[in-house]
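Please keep the sequence and the model in view while reading.

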Amino acid sequence: MALRMSTLFLRTLREDPADAELPGHKLLVRAGYIRRVAPGIYTWLPLGMQVLGKVEAIVREEMNRIGSQEVKFPALLPREPYDATGRWTEYGDNLFRLKDRKDADMLLGPTHEEMFCLTVKDLYSSYKDLPLALFQIQNKYRDEARPRAGILRGREFIMKDSYSFDVDRAGLQKSYDAHREAYIRIFNRFGFEYVIVKADSGAMGGSASEEFLAVSPHGEDTFVRDESGYAANVEAVEIAQAPEVEVTAGPAHVEPTPDTPTIETLVAALNKDHPRADGREWTAADTLKNVIVMLVHPDGTREPLAIGLPGDREVDAKRLEVKVAPAEVEAFEEKDFASYPMLAKGYIGPGVLGEEKASKIRYLLDPSVAVGSAWVTGADEHGKHVIDLVHGRDFTADGTIQAAEIREGDASPTGHGTLKLARGIEMGHIFQLGTKYAEALGLKVLDENGKLVTVTMGSYGVGVTRAVGAIAEDNLDDIGLIWPRNVAPADVHVVATGKDESVFVKAEEIVRELEAAGVEVLFDDRRKVSPGVKFKDSELIGVPTIVVIGRGLADGKVEIKDRRSGDRREIAVDDVVAEVT
Ligand code: ATP
Ligand code: MG
Ligand code: MG
Ligand code: MG
């Protein structure tokens, strides 16, 4: 059934909403797609529901295509499962918490690994039941520190989340690959430019995870890419393939020698010369956490060493000095070092350090601890945009932090040209969870030999409401939105103009024919609205094809307009259906 402007619940606005910064957000509000309730909380109006429905349908189709089955979990959840995995605490202020009348702790789900895991545990017990993939399209709740651009970063938002369950890693890899393919099809259908970036670093031992970023100057993520199609989140460029960089201290780069220190040589040196008080062996991860390594040059100058970056500088392994920093430094967590590879590469990301971390940095600057040089990594108040700091470059001895800067133009790790920096909006995230959740919640099945094995999981998310926002930001001009047909609120906007009743009668007929041909129509059948207002509204709303039925009808002509190019042509009234199908 055509959407009729005469009855549609819609008021277009001439003025930009006061709280909107991004152009797409402004237009979504002005054109009557969404309406703000509170920061990061939006109502979907009928036009918005049309677009949302299209986006959801694309996601649903592609999930069904890979055999994932749709379910729907509640958003209102008990605390216990999230306690079992530690996330009740880990989520901190981002979690919406509430109490029921019996004073029991509840939460509004920010993501559902726990619940899916438990439900599969409830129902399945054998390897014969697997593999299994489930998904839902459902409201999520996160009390984001900075809700942004309306629906791009909401506090209530819709996510498609899916979860895969396999008996072993090979199965997980298959499920992961299937989701990756499905995501490629989904984002191709959304019609925006996107890149797939590695989202974590092999160096930190993270499991495989990739993000789908819509390329956009409005994005909050920064990534690098080269001409070959290689792309990586700035937090995750692999140090193993790091390009050679020249350093100012010491000679220009030389080939790595067997003596070039790596994280392994460092760990070995630590275990030999600096045994831990608690008797445990040093691991790579706690080495990064607790150790400041000074490189001593032949002339006696010292500089902090970027570990594990072979080939970029000449070093004498025998003169490696290792300093074990005092216990306070252990307060840094592994995630604080997620961008360690970027430090090794000399990149740094933008961000603002929290007060606590900043004071620790000042502590590290104590000359008796770090000989005036240190490297540290911190996270901003969102726990992301992780930044790396190098003494002398990013901060000075009095602890002043200088504006961080990311370097473009370094050689690409693939050997294909140089790296370019760009911004992106995270649209999707696919993740090999492994057994983390299954272990915490006891999801095990009997394998072929009757032995209990822990199930291996993957989790996969698409920001459904965010996709609507990102598509809008990428498809607009000065006068309104310009939807790609795949997700437009209708295929054709039929505008009947003038006072002549026969125009409206003919327009009704055309609309019926279009619908019979499977074309979705937004029909401006308003009688008392001027043609000027109708044209403005059609431009603002952004249906890709506009058919104007008016005076020309007397000569058997209507006008057909392409919203994106602005091209307009007169066509014979009998050709309308053929033209738009
Ligand atoms: P971000 O880095 O933008 O905060 P995230 O990494 O926290 O996102 P995930 O937990 O990976 O998000 O969730 C899967 C997907 O859900 C994201 O890729 C994104 O598209 C979407 N999403 C996450 N947070 C929001 C939000 N606050 N509003 C709208 N969509 C969101
Ligand atoms: Mg987030
Ligand atoms: Mg993210
Ligand atoms: Mg993510």
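## Helices α2 and α6

Which residues in α2 meet which residues in α6? Ile 58, Val 59, Glu 62, Met 63 and Arg 65 in α2 meet Ala 182, Arg 185, Ile 186, Arg 189 and Phe 190 in α6, a contact being a pair of residues whose C-beta atoms, placed from the backbone, lie within 7 Å. By class, the contact of α2 with α6 holds six nonpolar, no polar and four charged residues. Here Ala, Val, Leu, Ile, Met, Phe, Trp, Tyr, Cys and Pro count as nonpolar, Asp, Glu, Lys and Arg as charged, and the others, Gly among them, as polar.

Two packed helices are described by the angle between their axes and the distance between the axes. The axes of α2 (residues 46-65) and α6 (residues 169-190) come within 9 Å and cross at roughly 155°. This makes α2 roughly antiparallel to α6 (angles over 145 degrees count as roughly antiparallel, under 35 as roughly parallel, 65 to 115 as roughly perpendicular and the rest as oblique). Axes are lines fitted to C-alpha atoms, for helices over the stretch in contact, with angles from 0 to 180 degrees between N-to-C directions.

## The model and its chain

This is a predicted model, in which local features need pLDDT of at least 70 and side-chain atom pairs count only at pLDDT 80 or more, while totals for chains, interfaces and linings use all residues. Residues are numbered from 1 along each chain as its sequence is written, and chains are lettered from A and ligands numbered from 1 in the order in which they are written.

The protein chain has 16 helices and 29 strands, taken as DSSP runs numbered from the N terminus (helices: H or I, at least four residues; strands: E, at least two). Of its 581 residues, 40% are buried. A residue is buried if 20 or more other C-beta atoms lie within 10 Å of its own, exposed if 12 or fewer, and partly exposed in between, with C-beta atoms placed from the backbone. Among contacts between residues at least 6 apart in sequence, 72% join residues at least 24 apart.

Val 51, Leu 52, Val 55, Glu 56 and Val 59 in α2 meet Val 464, Thr 465, Ala 467 and Val 468 in α13. That contact has seven nonpolar, one polar and one charged residues. In α13, eleven of eleven residues are buried.

Ligand 1 is surrounded by 15 residues, the closest being Phe 157, His 429, Gly 461, Gly 463 and Arg 466. Two or more residues come from each of β9 (156-166), β19 (420-434), β22 (456-463) and α13 (464-474). Strand β19 gives the most, with four residues. The shell comprises three nonpolar, seven polar and five charged residues.

In α15 (residues 531-541), the buried residues are Lys 534, Asp 537, Ser 538, Glu 539 and Ile 541. They pack against several elements, among them α2 and β27 (545-549). Gly 542, with a positive phi near 85°, follows α15.

Asp 574 is in the loop between β29 (568-572) and α16 (576-580). Asp 574 counts as exposed because it has 11 C-beta neighbours inside 10 Å.

Definitions and conventions: Near = placed C-beta within 6 Å. Contact = placed C-beta atoms within 7 Å.
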